[in-house]
Amino acid sequence: MGPKVTIDSSTMMNKGFEVIEAKWLFDVEPSQIQVVVHRKSIVHSMVQFQDGTIMANLGPKSMQIPIAYALNYPNRLVNNIQKIDLFEIKDLVFEKPNLEKFDCLRLAFEAIKKGHSYQVALNATNEVLVDAFLNKKITYTRNSERN
C-alpha cells in the first residue's frame, strides 16, 4: 500500500468510498449497505440475500488475487500465493464500525443521502487533506471538539 491508501485505510475513508461505489454499482440505498469491521482481513466481501443467507468471499490478506482477477476477468489465474487454511482461522469476528471515531465513514453515508455533488466534494476534500497531511501541513489527530 502507498501512503495515501494507508491514510485512507486508517481513517476508514477507503470504506466510505466503497460504500459510495456500492450504492452506484448495485443501485442500492444506503440503508442496504453495511460496513463490517473484520480485523483478520480474510473476509473481503459479503452479500446477504432475501432469504437471509450470506455469501462471503474469503481469501488471503493480500489484494494480489482480487487485482489479478480484475485484470484477467473472467479467468482466474494459477498463482503461487499462499492459500488460506480454514482450520487455522478458528473463528471469524465481525464488529460494527464506530461512526463517532471514524468521521470519514459517517461522512460518506451522509454524502450519499445529500447527492452526487456531495460525494464529489468528499472525494476532493479527502485528496486535499491527505496531501496536506503527507506534506506535514496538518496533523493526523484533531485537537478541537466537534461542533
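Predicted model: local features only at pLDDT ≥ 70, side-chain atom pairs only at ≥ 80, totals over all residues.
**Reading the helix packing**

User: What is the angle between α2 and α6?

Analyst: Axes are lines fitted to C-alpha atoms, for helices over the stretch in contact; angles run from 0 to 180 degrees between N-to-C directions. Under 35 degrees counts as roughly parallel, over 145 as roughly antiparallel, 65 to 115 as roughly perpendicular, the rest as oblique. Here α2 and α6 (residues 116-134) pack at about 155°, with axes 12 Å apart.

User: Which residues of α2 and α6 meet?

Analyst: Contact means heavy atoms within 4.5 Å. M13, F17, I20 and W24 of α2 meet H116, Q119, L122, N123 and N126 of α6. By class, this contact has five nonpolar, four polar and no charged residues. Ala, Val, Leu, Ile, Met, Phe, Trp, Tyr, Cys and Pro count as nonpolar; Asp, Glu, Lys and Arg as charged; the others, Gly among them, as polar.

User: How do I read α2 against α5?

Analyst: Use the angle again. The axes of α2 (residues 13-26) and α5 (residues 103-114) come within 7 Å and cross at roughly 20°. That makes α2 roughly parallel to α5. In α2, M13, K15, G16, V19, I20 and K23 meet C104, L105, A108, F109 and I112 of α5. These contact residues divide into eight nonpolar, one polar and two charged.

User: Which residues touch the most other members of the largest nonpolar core?

Analyst: A nonpolar core is a set of buried Ala, Val, Leu, Ile, Met, Phe, Trp, Tyr and Cys residues joined through side-chain atoms within 4.5 Å. Buried means under 20% relative accessible area, exposed over 50%, partly exposed in between (1.4 Å probe, protein chains only). Of the 17 residues in the largest core, M12, V19, V35, L105 and L122 touch the most other members. The elements giving two or more residues to this core are α2 and α5. Setting aside neighbours within four places in sequence, M12 contacts V35, V37, P97, F102, C104 and L105.

User: How many helices and strands does the chain have?

Analyst: Helices (H or I, at least four residues) and strands (E, at least two) are DSSP runs, numbered from the N terminus. The chain has six helices and two strands. Along the sequence the pattern is α-α-β-β-α-α-α-α. Of its 147 residues, 25% count as buried.

Technical notes:
Residues numbered from 1 in each chain as written. Heavy atoms only, no water.
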